[in-house]
Amino acid sequence: MTHRRVIITALCLGLAPAAYAHGASPGRGAGPEASELCETDELAALLRPDTGASDQGPVRYEADAAQSTPERASLSGNVEVNRGDQRLLAPRLELDRKTNIGYATEGAEGGTPQFAFRAKKAEIALDQNVGHYDDAEYFMGRSNAQGSAKKVVDDRDKAVTDLDQATYSTCKRGDELWQIRADTLKLDYNTGRGVAHDATVAIGGVPVLYSPYLSFPITDERQSGFLAPRLSSSSGNGFDLALPYYWNIAPNQDATLTPRVITDRGFQLGTEYRYLGTRGSGEFYGEYLPNDREAERDRGMVDLRARGAWFPGLSSSLIYDWVSDDDYFRDLGNQLDVVDTAYLQRTFDTTYAVPFGGVLLTRFQGYQTLDAPDLKRVPPYSRLPQMVYFGGWDHGLLRYDLRTEVVAFDHPTMVTGTRFDIEPAVSLPLEWSYAFVRPRVAYRQTQYQLDYPGNTGATNDTSPNRGAPILSLDSGLIFERPLGFGDSAFTQTLEPRLYYLRVPYRRQGDIPVFDTTLVNTSFNALFYDNRFVGTDRLGDANQLTTAVSTRIIGAADGRERMRLSLGQIQYFEDRRVALGADQLVDTGSSDLIAEGQVTLGRDWYLRIAAQWDPHNEEARRNAVDLRYRGERGAVFNIAYRYSNRGDPPAQGAPADTDQIDFTGVLPVNPRWRLFGRWNYSMLDEHVVDTFAGVEYSDCCWAVRMLGRQYRDYPQDEEAKNAFFLEFELKGLSSIGAGVDQFLNKSILGYTHPGSTSRY
């Protein structure tokens with residue numbers, strides 16, 4: 001019997017390969033970068049919209065004509081078979097009704113939301129969920145992978161597709177820069193990997209690598225296997241090659257083993273282990289280099305991080321770092337990411353939320369001190385242990401606060417001891433839309449029990465103490481007015497602020513300095529109740545801070561477009577408390593502090609900071625940051641940093657600096673990008689760090705090259721040189737030194753244009 005445009009619905013199984021029907025994800029290298037740079041594959045039109053329809057429902061047949069008998073059915077003319085989100089198109093389909101096998105001998109094509117194919121012949125065993133395709137081409141949408149095969153066997157129940165005489169690439173079809181050619185290729189969507197036997201990797205049509213066995217990821221799921229090698233060369237290490245192997249131990253555990261060959265030094269082995277549990281998580285990383293030929297000793301490092309949440313209110317964290325010698329990071333750290341680490345932490349914290357309010361912190365803390373080539377650093381004190389409680393309560397209009405601390409300090413050569421500190425406070429915060437007044441009264445009492453080395457304790461007070469009230473009054477007004485620029489409406493504020501602080505003088509020269517330093521100068525520091533950070537010094541004060549700020553705020557969106565602030569402290573009494581012995585400071589006012597930030601349109605941002613000494617009429621600190629964030633990853637940063645400690649330098653002040661720093665990323669077009677940095681020290685009269693590089697990123701491959709000249713410390717006379725090359729075959733792997741990771745840390749605002757899975 002013959003019908004015109006027949007539509008038949010039957011409970012049969014689907015047709016297209018099982019690439020994504022079983023929940024697989026796109027392979028490595030998938031992301032917006034590939035889709036933007038690649039031309040649309042000719043099979044992409046066969047991809048189906050993802051409606052979430054079940055692939056276990058009935059099959060719908062459509063054709064211009066159909067003939068059927070009890071043994072056989074024939075559909076011809078624009079045959080279309082649909083099931084869920086799957087579709088098959090063919091000029092003719094013969095169905096053996098006894099075996100329930102369909103034959104498309106004149107060609108067939110079809111697709112799912114993520115997989116499309118075209119074949120000269122197709123045989124579909126509907127009962128077994130198996131499809132056989134001859135002389136087929138395929139396209140994987142999300143991973144942008146395409147290829148061909150002499151034969152394809154797709155087993156939907158097993159979620160496996162086998163291909164004979166197959167190719168695989170993420171490049172444009174017919175113009176493959178790289179391609180895998182394999183005698184057999186298995187795409188296993190249960191494991192998320194493709195396995196090729198008798199495989200050849202061709203670049204530019206020229207075979208460059210043969211392997212009897214080649215495994216690569218076809219999804220973003222974590223999978224055991226070798227990761228991309230890291231390759232670099234530098235004047236300090238020579239040729240440097242690392243080959244990481246990733247082990248997916250369990251859904252919540254993994255490890256990475258990294259053999260590394262450094263031609264000038266020897267063989268190093270690194271190990272990383274990570275876990276994630278219901279009560280905590282952690283990471284361990286270790287490296288070991290036996291018999292470094294340059295240093296003539298064994299070298300290694302350990303980096304341990306762990307966090308725990310044991311029951312509601314109680315949590316813990318652990319940090320433990322160790323290296324074998326002072327020069328480890330300078331010699332063996334990745335020269336793209338040199339770490340100038342002075343003090344390595346060893347800290348164990350527990351935090352407990354006290355039921356009646358507040359938080360109790362218990363800490364054990366020590367350090368490993370790394371000396372610089374021309375600097376012997378003083379090791380900091382260890383806290384063994386430290387216990388801190390801080391809490392706050394509101395009662396009516398009043399606010400009550402309490403902070404207490406007890407800590408035992410240890411040191412190999414200097415005075416040690418125990419310190420107890422308590423500071424109760426009460427305040428009356430009154431706030432309105434146009435003003436605020438915040439009076440506060442506190443009392444700080446600190447008691448020490450000290451042990452001096454040798455016989456020095458006989459001439460020193462072993463139990464000094466200090467107690468003093470702290471009185472402050474913070475107040476301010478907020479004025480507003482409408483402001484217009486062209487068609488844009490804004491609100492401008494004027495915010496004067498007065499902050500009075502009174503702390504009586506207490507002699508503290510006999511108290512050792514365990515963990516205290518000067519506050520870093522900033523506009524916010526004008527309103528602190530202590531000019532020292534830490535407990536060992538309480539600065540005497542009878543002073544008034546006068547400050548004013550103005551802001552411009554968008555009337556429509558409430559975004560702050562500009563903020564400018566200016567402030568200064570007026571001293572009514574000379575200050576005497578210093579980090580060491582008392583030191584009289586008789587200036588009548590502090591330096592003048594100015595800070596500002598301006599949003600210049602959508603893409604530009606400016607931040608400035610200045611500190612002016614009116615007594616010596618010279619700048620103490622200047623900083624300017626100009627940032628640009630444009631479309632398609634364009635980045636431009638210019639920063640200037642200047643600091644002058646004065647003569648004599650203030651205790652605890654940072655080192656003098658006078659540097660200018662340019663960094664930028666310039667997209668020339670969608671495929672080419674330039675990046676670079678120039679960091680120059682005018683104080684040392686040479687470049688501290690400079691690099692330049694170029695990136696070419698196409699549909700299926702990318703290359704990044706970077707040359708760098710740098711100094712470990714600004715004052716170093718001799719510079720080091722390094723060159724790095726990274727070559728990425730998108731969807732397969734990359735070979736190189738992780739240039740993009742270096743750029744992420746070196747250029748503020750840099751982002752990699754694509755997304756590549758670590759696994």
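**Exercise 1. The whole chain**

How many helices and strands does the secondary structure of the chain come to?

*Solution.* The chain has three helices and 46 strands. Both are DSSP runs, numbered from the N terminus: helices are H or I with at least four residues, strands are E with at least two. The model is predicted, so local features need pLDDT of at least 70 and side-chain atom pairs count only at pLDDT 80 or more, while totals for chains, interfaces and linings use all residues. Residues are numbered from 1 along each chain as its sequence is written, and side-chain values use heavy atoms, leaving out hydrogens and water.

Now take burial. Of the 759 residues, 46% count as buried. Buried means under 20% relative accessible area, exposed over 50%, and partly exposed in between (1.4 Å probe, protein chains only).

Next, contacts, meaning heavy atoms within 4.5 Å. Take those between residues at least 6 apart in sequence: 51% join residues at least 24 apart.

**Exercise 2. An arginine in a loop**

Decide whether R265 is buried or exposed, and list its contacts.

*Solution.* Step one: locate R265. It lies in the loop between β18 (253-262) and β19 (266-276). Step two: check its accessibility. R265 counts as buried because its relative accessibility is 6%. Step three: list its contacts, leaving aside neighbours within four places in sequence. They are G236, N237, L289, N291, D292, R293, E294, A295, R299, D331 and L332.

**Exercise 3. Rings and charges**

Count the aromatic pairs, then classify the pair F117 and Y133.

*Solution.* Step one: apply the rule. Rings of Phe, Tyr and Trp (its six-membered ring) pair if their centres lie within 6.5 Å; planes under 30 degrees apart are stacked, over 60 edge-to-face, and the rest tilted. The count is 20 aromatic pairs. Step two: take F117 and Y133. Their ring centres are 4.7 Å apart and their planes stand at 55°, so the pair is tilted. F117 is in strand β7 (residues 115-125) and Y133 in strand β8 (residues 130-140), 16 residues apart. Both F117 and Y133 are buried.

W432 is partly exposed because its relative accessibility is 44%.

Step four: look for a cluster. Ring pairs link Y381, F409, Y448 and F514.

Step five: look for charges over rings. The rule asks for NZ of Lys or CZ of Arg within 6 Å of the ring centre and within 35 degrees of the ring normal. The charged end of R497 sits over the ring of F527, 3.6 Å from its centre. R575 has its charged end over the ring of Y571, 3.5 Å from the centre.
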